[in-house]
Amino acid sequence: MGSRQLRDSDRGCPTRPYAVGMPAHPAGPRHSDVIDIHGAPPRPLDTAELNHLDAAVWPTSARREPGGVVSVGGVDVVTAVREAGSPVVLLDQDQVRSAARGYARSYDATGTPTRVYYAGKAFLSTAVARWITDEGVDIDVCTGGELEVALRAGVTPDRILFHGNNKSEAELIRALEVGVGRYVIDSCLEIARLGALAQDAGVVADCLVRVTVGVEAHTHEFIATAHEDQKFGLALTDGSAREAARRVAALPSLNLVGLHSHIGSQIFDPAGFEVAARRLVGFAAELAAEGLSIRELNLGGGMGIAYTSADDPLDVADMAAAIVSIVRHECDRADLPLPLLCVEPGRAIIGQAGITVYTVGTIKAIDLGNGLTRTFVSVDGGMSDNIRTALYDAEYTVALANRESDAEPMLCRVVGKHCESGDIVVRDCWLPADLAPGDLLAVAATGAYCRSMASNYNQVPRPGVMGVQDGHLETVLRRETIDDLLSLDPGA
Ligand code: LLP
């Protein structure tokens, strides 16, 4: 992958030696603190920092090989793009496995019965389901599609938990036919629907009631008031969770085994989980007083990961110990037997293991009008393979990946190829000023909720996902082709 050297005049107006908003300071980049651009990360102190891959953000196997090309799992990105096209998602198999194993072990180490489910919505394929279940983690699915992937992977149905606020009859019939292990009930209507279908099938379905505990958590904050005004779960406050538990228990074809709560995603503050755990145990005690015994508590997913060096995620083992000790304490107080404690991490298992590699197409410097310049770097994917920046203002870390550079940092925005000005992959970042078409950029921490939320906007085929391990590439999902897209169109 040769990168073509750009002339300054190719970058558009204005032409500058490097587009940081001003000519190189005679004393060098250390004086860059005079540049104050809202939202931009601090300007790298030197080129070593610009080329550096922070181990807290990148896959642990990521490194720069001699010559500077980035590799993950022993596979360099130039080879990966040659083999699998661009853009491509690389998933470090060892890292997915070790994150899953780490979760299972951290909860095991608490000395209480626990069960970890991987939230397949983060990213699911048969290979990933196998890696994860091999490591002792079960699978949470929330649609018939995710269920079929898990089944095709050979996951035993009793290791599958079925979520979803609108499971269709067809999805439930299929789940009952194969013998899915747990159903998370999300509405009273669903109780009647599942109850009737289970009766028809002549089976008893094990159910958890999804409770809205009045906690909403995002990253560094949580709010413990009323957050019942959303589509998921049954509220504690208006009695609908209690009513649902009673109805499940009353139907012979349903078995009330537990309660479920999911308070949010990308959470860095453990307090939200603690409040949720207390409220769930309190509710279990109320149900016990009515003779309804709760044997499982599922606290959902939500543990955050580092997308940038500024993020500081919770430690899984600390979190497991803290949650178990709260549940144990609350159960002792309420004189309840300790339930099986379940969690459902998605992002925390697969997020950091993935990177997306793009090829740079065009580069355009835009004068911001205040003496500053922002360089728009367009890549060959965008919001179709990573909607998170547009949807949640998510922040990402990006690096020049096919080589190192000793050029000065320039302030950039990495954008996609879609017809939408919000088509941004990385809003503010620093890249070397000698960046050129044909260079490869790698975006870190794209393992979760990127390929799984991908679209075909503008008829752009979705990227392939390649597993990498010990220098080998394995197709996890092949790259889509335009023929794949045309095959849906009978007139094409
Ligand atoms: N369990 C339930 C019931 C969930 O709804 C979710 C995520 C999880 C577990 C897994 O959460 P995690 O550990 O991955 O945070 N698309 C968003 C995230 C949506 C999460 C939806 N539910 C994003 O890209 O940030």
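This report describes the overall build of a predicted chain and then several of its helices, loops and individual residues.

The model is predicted, so local features are reported only at pLDDT of at least 70 and side-chain atom pairs only at pLDDT 80 or more, while totals for chains, interfaces and linings use all residues. Residues are numbered from 1 along each chain as its sequence is written, and side-chain values use heavy atoms, with hydrogens and water left out.

## Overall build

The secondary structure of the chain amounts to 13 helices and 24 strands. These elements are DSSP runs numbered from the N terminus, with helices being H or I of at least four residues and strands E of at least two. The radius of gyration is 25 Å, close to the 23 Å that the globule rule gives for 492 residues, so the chain is as compact as a globular protein of that length. The radius is taken over C-alpha atoms, and the rule is 2.2 Å times the number of residues to the power 0.38. Along the principal axes, the C-alpha trace spans about 75 × 55 × 40 Å.

Of the 492 residues, 55% count as buried. Buried denotes under 20% relative accessible area, exposed over 50%, and partly exposed in between, with a 1.4 Å probe and protein chains only. A contact requires heavy atoms within 4.5 Å. Among contacts between residues at least 6 apart in sequence, 71% join residues at least 24 apart.

Thr133 belongs to helix 4 (residues 126–134). With 12% relative accessibility, Thr133 counts as buried. Leaving aside residues up to four places away in sequence, Thr133 touches Ile139, Val155 and Arg159.

In helix 5 (144–152), the buried residues include Gly144, Glu146, Leu147, Ala150 and Leu151. They cover an arc of only 160° around the axis, which puts them on the same side of helix 5. Such an arc is that of the directions from the helix axis to the C-beta atoms. The cover over the buried residues of helix 5 includes strand 6 (138–141), strand 7 and helix 6. Gly154 follows helix 5 and has a positive phi near 90°.

Helix 6 (residues 169–178) has Leu172, Ala175 and Leu176 as its buried residues. Viewed down the axis of helix 6, these residues fall within an arc of 95°, so they line one face of the helix. The face turned away from the buried side carries the exposed residues Ala170 and Glu177. Partners of the buried residues of helix 6 are helix 5, strand 7 (160–162), strand 8 (182–185), helix 7 (188–201) and strand 9 (205–212). Just after helix 6, Gly179 takes a positive phi of about 90°.

## The crossing of helices 3 and 10

Two packed helices are described by the angle between their axes and the distance between the axes. For helix 3 (residues 93–108) and helix 10 (residues 316–334), the axes come within 9 Å and cross at roughly 35°. Axes are lines fitted to C-alpha atoms, for helices over the stretch in contact, and angles run from 0 to 180 degrees between N-to-C directions. The crossing is right-handed, a term applied when the near helix is turned clockwise from the far one by less than a right angle.

On the helix 3 side, Tyr103, Ser106 and Tyr107 meet Val316, Ala317, Met319, Ala320 and Ile323 of helix 10. By class, this contact has seven nonpolar, one polar and no charged residues. Here Ala, Val, Leu, Ile, Met, Phe, Trp, Tyr, Cys and Pro count as nonpolar, Asp, Glu, Lys and Arg as charged, and the others, Gly among them, as polar.

Gly102 also has its place in helix 3. Gly102 is partly exposed, at a relative accessible area of 28%. Between the C-alpha atoms of Gly102 and Ser405 there are 36 Å in space, and the two are 303 residues apart in sequence.

## Backbone features in loops

Ser86 and Pro87 are joined by a cis peptide bond with omega of about -5°. Pro87 lies in the loop between helix 2 (77–84) and strand 4 (88–92).

Tyr449 is located in the loop between strand 22 (440–444) and strand 23 (464–469). Asn458 is found in the loop between strand 22 and strand 23. Their values are tabulated below.

| Residue | Phi | Relative accessibility |
|---|---|---|
| Tyr449 | positive, near 60° | 16%, buried |
| Asn458 | positive, about 60° | 34%, partly exposed |
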